[in-house]
Amino acid sequence: GILEVSPHRGAVVRPVDAKFVFDMYEVRRSLDVLLIRNAIPAMRADVLARLVAARDAYEAATGADTQTILARNAALHAVINQAADNPVATGILNRGWELVHALRVRFGFGRDRLDNIIIEHRELVDACQRRDLDAAIEVTDRHTVTARDDLLALLA
């Protein structure tokens, strides 16, 4: 996802600008909703226990370095994505995401973003525990939009 290859022209490093970030988050937004929709019916007790553990691990990491925070966040979302059992969607979701992570490592998070992520993760886990699909979709969508807007503000 780092190089753009053009036949008979060679390869260039992909521009990573606000448009790229916006587009990546829009794709993520759609796929996250698809994945949570598929995951909710698969939320057995063992999956919910892993989701709660991932949420707690994320919260414990919020004072750590950005790489650790990102890894813990990815672990929480991986629980949902595994429960959704759609490897094609997960593969598309992950494609090119390392560039967004690199931007997060470089720019970090906005002033209140980490606190808001904790709230959003709690709401998401709660919706999953209640098997409330509408609430889970709303939180998932809001979580992605606020993450996008936070990173775009930092890039401006």
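Colleague: How many cavities of 30 Å³ or more does the structure hold?

Modeller: Heads-up: this is a predicted model, where local features need pLDDT of at least 70 and side-chain atom pairs count only at pLDDT 80 or more, while totals for chains, interfaces and linings use all residues. Residues are numbered from 1 along each chain as its sequence is written, and side-chain values use heavy atoms, with hydrogens and water left out. A cavity is a set of points, on a 1 Å grid over the protein atoms alone, where a 1.4 Å probe fits but cannot get out. With the cut-off at 30 Å³ or more, the count is one.

Colleague: What is the volume of the largest cavity?

Modeller: Grid points are joined across faces, edges and corners, and the volume is the space filled by probe spheres set on those points. For the largest cavity, that comes to about 80 Å³.

Colleague: Which elements give two or more residues to the lining of the largest cavity?

Modeller: Lining residues have an atom within 4 Å of a point, and here they include Asp-32, His-77, Leu-124 and Thr-140. The elements are DSSP runs numbered from the N terminus: helices (H or I, at least four residues) and strands (E, at least two). Those giving two or more residues to this lining are H1, H3 and H7.

Colleague: How many residues in the lining of the largest cavity are charged?

Modeller: Asp, Glu, Lys and Arg count as charged; Ala, Val, Leu, Ile, Met, Phe, Trp, Tyr, Cys and Pro as nonpolar; and the others, Gly among them, as polar. The lining has four nonpolar and five polar residues, and the charged count is one.

Colleague: Which element gives the largest share of the lining of the largest pocket?

Modeller: A pocket is an open set of points with protein on both sides within 12 Å along at least five of seven lines. The largest pocket has about 420 Å³ of space, and among its 24 lining residues, Arg-28, Asn-73, His-77, Trp-97 and His-101 lie nearest its centre. H1, H3, H4, H5, H6 and H7 each give two or more residues. The largest share, eight residues, comes from H3.

Colleague: How far does H3 reach from its first C-alpha to its last?

Modeller: The expected span of a helix is 1.5 Å times one less than its number of residues. H3 has 19 residues, for which 27 Å is expected, and its reach is close to that: 27 Å.

Colleague: What arc do the buried residues of H5 cover around the axis?

Modeller: The buried residues of H5 (residues 97–107) are Trp-97, Leu-99, Val-100, Leu-103 and Arg-104. They lie on the same side of H5, because their arc is limited to only 160°. That arc is taken from the directions running from the helix axis to the C-beta atoms. Its value is 160°.

Colleague: What is the phi of Asp-85?

Modeller: Most residues other than glycine have a negative phi. Asp-85 lies in the loop between H3 and H4, and counts as exposed at 63% relative accessibility. Although Asp-85 is not a glycine, its phi is positive, about 55°.

Colleague: Where does Arg-131 lie?

Modeller: Arg-131 also isn't a glycine, and it has a positive phi of about 55°. At 42% relative accessibility, Arg-131 counts as partly exposed. Its place is the loop between helix H6 (113–130) and H7.

Colleague: Which residues does Asp-150 touch, not counting those up to four places away in sequence?

Modeller: Asp-150 is in helix H7 and counts as buried at 12% relative accessibility. Setting aside residues up to four places away in sequence, Asp-150 touches Arg-104, Phe-109, Gly-110 and Arg-113.

Definitions and conventions
Buried < 20%, exposed > 50% of the residue type's maximum accessible area, 1.4 Å probe, protein only. Contact = heavy atoms within 4.5 Å.
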